[in-house]
Amino acid sequence: MKFLFFTDSHIRGTTPKNRKDNFYETLKAKFLEIIDISKKLDVDYILHGGDWFDRPDISPSIVREFAIIIKKFEKPVYTVAGNHDIYGHNPDTIGRTMLGLLEGTGMVTLLRHGDEVLLKKNGITVCITGSSYNYDIDSEENYKKYYIVKKPPHADYAINIIHGMLLSKPFFEGIPYTLLDDIKDTEADITLAGHYHSGFGIRKQNGKFFINTGSIVRVSNSLAEIERRPGVVFIEIKDKIYVEEIQLKTALLGEEVLDKDKIEVSKDRNLKLHEFYQGISNSGQYKKVDILQIINEIVSDENLSPKIKEEALRRIGIARESLSKGGEEDY
């Protein structure tokens, strides 16, 4: 059984201010290359880690163009929703989004938390599970229920797809994340992650694979992104698991598409922001901001309309993601 995995495509019609190319055309070229790779490798299924789109209400004309392209995979597509695919970090809003439109037309199958999809071929049964992004996916209280899964007794292998801040080492203070060591008890043979754009590649711990090759597009202006070459992952399951990272030929060198001047501006901005944060923390006069507490209060406030809640949560999410990627987003 063969799979091709990629994540964080962030389909949009405009070009981020830190890029020098035509982002829309670059995206289309990458999708066509991924389709070509899938056909050459004769894969059975396409897997996506979320954030198909850069926002949930992207222009229908853009969705139409990419729907025509996605249809060319001619294979079942299984995916989770990323934070940019939904409103207010709430997967229940998927029905009002463009990713929900793709699901409704049968072009993709959205994996919902708790669902199990059994795929069978040549005597092998693979169980696919997944969890879309939500505001508590990396919280200390609840991360285990999303990242740690049980393998059904009737399955030979298990794959879990997650859109969360799964990392190989500790990150910025104040940004919720989950470490690979935190989920070593999962029974998933392969954990596929999106959300963290720089990725951590392919890791193997305790005989299990943890994979995030990063976004197929570079939308943030950080030094890590300028040095990274986006790619996809080929997975083949027989009597054992074989995985291979494939770099995209349509992904040009970072210095060819990213504006170095804006990278330097962003670096200086983030340094000042870090110094400001450290100065406040070291003074000991202020309590740390509990983002999850703020989100919970917003969600539970009956005086706020659904639209205001969604917009507030969207902006919090953008701020957290921008800090985690070390860049500036033009939203």
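Predicted model: local features only at pLDDT ≥ 70, side-chain atom pairs only at ≥ 80, totals over all residues.

Numbering runs from 1 along each chain as its sequence is written, and side-chain values use heavy atoms, with hydrogens and water left out.

**The core.** Select Phe 6, Phe 31, Trp 52, Phe 53 and Leu 99: of the 39 residues in the largest nonpolar core, these touch the most other members. (Such a core is a set of buried Ala, Val, Leu, Ile, Met, Phe, Trp, Tyr and Cys residues joined through side-chain atoms within 4.5 Å; buried means under 20% relative accessible area, exposed over 50%, partly exposed in between, with a 1.4 Å probe and protein chains only.) Now colour helix 1 (23–40), which gives the largest share, seven residues. Helices here are DSSP runs of H or I, at least four residues, and strands are runs of E, at least two, numbered from the N terminus.

**The serine.** Jump to Ser 139, in the loop between strand 6 (124–131) and helix 4 (143–147). Ser 139 counts as buried because its relative accessibility is 3%. A polar atom of its side chain lies 3.2 Å from the backbone nitrogen of Asn 142.

**Salt bridges.** The whole structure has twelve (a side-chain nitrogen of Lys or Arg within 4 Å of a carboxyl oxygen of Asp or Glu). Show Lys 121 and Asp 44, whose closest N and O atoms are 2.9 Å apart; the two residues are 77 residues apart in the chain. Finish at Lys 150 and Glu 187, a salt bridge at 3.5 Å.

Key. Polar contact = N/O pair within 3.5 Å; in protein donor to acceptor, adjacent residues only side chain to side chain.
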